[in-house]
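Open the structure in a viewer and keep the sequence panel beside it. The stops below give a selection and then say what is there.

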Amino acid sequence: MSLVHRLPASRGLPALLLLLLAATAAHTAAAWKTAVATDGSSSSSSSSGRQLRGFWTGKSSSGSSSSSSSSSNARHVLSLSAQQRLESRTWSNAALQSKYNWPSSPYFDDPWVLDNIAVTYGHRVKDGIGSQVVRMIAVYALANITGMGHLFRPLGCVGHIGGHVHYRSSSCDFSGDSDDARLLLRARQMIELPSTIAESTVEGWEQQLVRAESFKWEKFLGELGDAVQQQQPTLFLAEHVNSLTTTYPDLFYALPQLRPSEPLPPLSCRSSSSSSSSSSSSAGMHSKPWMLDALRFAIHIRRGDVVTDGWSERILSTQYYVNLARAVTQVLEAAGCQYTVEVHTETPRTPEMVEELHTLKRGIPNAVMLPGKDLLWTWQMMATADILVMSNSMFSVSAALLNPDGISIHVPPRQAVVRQGMFKLRHWIAPEDENGTMADAATDVIRQRVGLKPQATR
Ligand SMILES: *[C@@H]1O[C@H](CO)[C@@H](O)[C@H](O)[C@H]1NC(C)=O
Ligand SMILES: *[C@@H]1O[C@H](CO)[C@@H](O)[C@H](O)[C@H]1NC(C)=O
């Protein structure tokens with residue numbers, strides 16, 4: 001077993017991610033279960049002193065059921081009365097309210113609205129797993145902020161599985177490929193959010209797809225206003241929430257599982273040499289008790305159809321990733337850290353892409369090349385890494401979202417704007433340009449997490 005298989009169970013995994021674990025690869029299953037059990041009871045983690053996040057309410061059942069069709073079997077139901085939703089909505093938290101920029105409206109002070117309006121994810125666009133999960137979480141976060149009911153419905157179909165690209169128009173037919181069918185089933189079992197309202201409650205309600213290609217807050221309020229005026233109980237199928245998340249990226253901070261800890265815990269890694277003179281505080285990095293505890297630095301390089309279909313505006317160069325990786329590994333070296341660098345990417349389909357892997361391997365110290373690995377395993381590795389370099393991709397973004405205590409490095413600002421729906425959370429850092437240049441302030445975020453003094457303020 002190589003270093004990259006090291007189990008991050010003690011690393012304060014966000015609870016949502018724990019839901020991903022029951023269905024993952026057999027060699028990790030036991031440790032994940034331990035993590036779930038630890039979380040459910042005492043919230044204390046084993047070695048590192050960091051704690052697992054408070055779980056979404058509800059019990060986790062270890063035997064993952066094969067019935068994925070009915071959400072009444074949901075393992076994490078958090079049915080709340082309208083009054084309970086009113087009291088537990090994030091709006092009620094004044095401290096958070098003053099800190100974050102959240103959408104609001106007087107409609108949600110109307111008891112009728114809390115009793116008769118709910119949202120669920122629309123499940124119409126069969127996008128990649130990252131895009132879908134980001135949107136599902138956004139819909140839940142919106143309900144959590146406002147106190148509207150939230151109904152969880154399991155993932156329908158996923159694009160980018162195996163050789164399949166998008167399922168925007170075709171039916172979700174995996175019958176010709178049992179491996180892909182199994183992967184989709186695992187994905188369904190891994191992704192689950194709480195419902196605060198039951199499927200039976202919304203039976204007989206109007207079900208209304210929020211049509212706008214982009215879900216604009218004012219537009220949604222307009223449709224909500226119509227429902228209020230007609231006193232028509234309505235379940236909104238909200239799907240294209242991208243403009244909501246670009247306008248209100250703070251939305252995600254409504255969920256405690258997605259907020260960085262305060263203060264952030266140091267990233268621990270085995271020090272390569274106890275006599276390292278480069279860092280006065282490197283002794284503090286010895287917090288791990290046992291072997292195989294190198295820091296995990298993951299890089300997601302989105303290629304695949306982004307390259308073959310010529311979406312060139314989303315492509316960051318090989319040199320970008322090499323430069324950025326070097327900027328990060330220099331800090332790790334200065335801190336005396338042991339680390340591995342995982343390079344997650346698609347299977348190379350052209351000679352240029354094969355050559356690119358060689359360039360990356362040569363250019364990045366300690367790089368472990370992982371092209372074309374299992375989608376869900378890759379996602380899990382990215383979402384549990386200590387440091388993650390993102391691509392202009394919702395697969396990266398979803399992984400970073402799920403790992404608020406990791407260091408997440410977003411794309412350069414000019415890249416972010418070319419992708420519709422891209423957003424940046426305020427705790428993510430980003431390089432300045434397409435060369436992967438890191439400003440001192442951004443580098444300092446990494447330096448401080450591994451126990452080095454900041455450099456910017458000299
Ligand atoms: C919002 O999320 C918090 C934390 O998971 C939970 O305690 C609360 O009940 C949720 N409230 C609503 C209205 O969903
Ligand atoms: C990247 O680096 C090259 C070579 O140093 C330079 O000419 C170019 O302007 C840089 N590009 C950006 C976007 O900073």
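Begin with the shell around ligand 1: its residues divide into 3 nonpolar, 5 polar and 2 charged. In this count Ala, Val, Leu, Ile, Met, Phe, Trp, Tyr, Cys and Pro are nonpolar, Asp, Glu, Lys and Arg are charged, and the others, Gly among them, are polar. The model is predicted, and local features need pLDDT of at least 70, side-chain atom pairs count only at pLDDT 80 or more, and totals for chains, interfaces and linings use all residues. Residues are numbered from 1 along each chain as its sequence is written, while chains are lettered from A and ligands numbered from 1 in the order in which they are written.

Select Arg85, Ser88, Arg89, Asn144 and Thr196, the closest of the 10 residues that surround ligand 1 (a residue is near if its C-beta atom, placed from the backbone, lies within 6 Å). Next, color helix H3 (82-88) and helix H6 (129-146), each of which supplies at least two residues of this shell. Helices (H or I, at least four residues) and strands (E, at least two) are DSSP runs, numbered from the N terminus.

Now move to the sheet. Its 5 strands run in the order S7-S6-S5-S8-S9, open and with parallel pairing (two strands pair if DSSP finds at least two bridges between them). At the edges, pairing on one side only, are strand S7 (367-371) and strand S9 (407-409).

Select strand S6 (residues 339-345), which pairs with S7 over 5 bridges in the parallel sense. Valine 341 has alanine 367 in S7 as its bridge partner.
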